[in-house]
Amino acid sequence: MSHARIFDISDPSQLPRQPMEVFDDWLNEAGASEPNDPNAMSLATVSGEGMPNVRMVLLKGHDARGLVFYTNLESRKGDELIQAPKAALCFHWKSLHRQVRVQGLVSAVEDAEADAYFNSRGRQSRLGAWASIQSRPLASRAELEAAYAAVEKKYPGEDIPRPPHWSGRRVTPLRFEFWQDGDHRLHDRLVYSRTDETADWTTQRLYP
């Protein structure tokens, strides 16, 4: 689709039926105006005890199926997503005074998809995926550097396989909320929602 027009959520009658089209336009514009990481998003999960956790990750793909990020599956977020496979995301583009919130169900990406992304990363990042036992206690920086050196010795070239504990997760959205800053704090808020991933989307405006 063309990115010449940025969708204006103040007039829902002019918006497409699929929220991913609006998100794609907003993300594209953010890529031209944000100084760093327009694909940065907060990722919220829930622990087995019901305690919420949130951290920043990078969006690495999105299409009609959902939004994809990658992680160590044995990390805290990886474990929480196994226990409760649902998540909330938030994008905030300060330069554009816009925010997008997403809620959805989480599933694993295919191995081939994870392999392709892993192989696209720089060599150091691929080695780091092996060296870091993410979210586990670390005695010192030297311990991490020693682990990295050991992995670098094991894989001296570019042929570095994807670790079995490292892969992608796809958030299949059930709710999008688009927020646009307005004068006098009279912001525009528009929600797209559906009951499940096969249902049609409905839209509703919210008070700011």
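1. W166 is buried, with a relative accessibility of 6%, where buried stands for under 20% relative accessible area, exposed for over 50% and partly exposed for what lies in between (1.4 Å probe, protein chains only). The model is a predicted one, in which local features need pLDDT of at least 70 and side-chain atom pairs count only at pLDDT 80 or more, while totals for chains, interfaces and linings use all residues. Residues are numbered from 1 along each chain as its sequence is written, and side-chain values rest on heavy atoms, with hydrogens and water left out.

2. The structure contains 14 aromatic pairs, a pair being two rings of Phe, Tyr or Trp (its six-membered ring) with centres within 6.5 Å, stacked if the planes are under 30 degrees apart, edge-to-face if over 60 and tilted otherwise. Among them is the stacked pair of Y70 and Y117, at 4.4 Å centre to centre and 20° between the planes. Because Y70 belongs to strand β4 (residues 66-72) and Y117 to helix α3 (residues 111-120), this pair ties together parts 47 residues apart in sequence; helices (H or I, at least four residues) and strands (E, at least two) are DSSP runs numbered from the N terminus.

3. Y70 is buried at 13% relative accessibility, and Y117 is buried at 18%. Y70 also forms a stacked pair with W166, at 5.4 Å between centres and 10° between planes, which links strand β4 with strand β7 (residues 166-180) across 96 residues.

4. The charged end of R98 sits over the ring of W26, 4.6 Å from its centre, the criterion being NZ of Lys or CZ of Arg within 6 Å of the ring centre and within 35 degrees of the ring normal. K154 lies over the face of W130, 5.8 Å from the ring centre.
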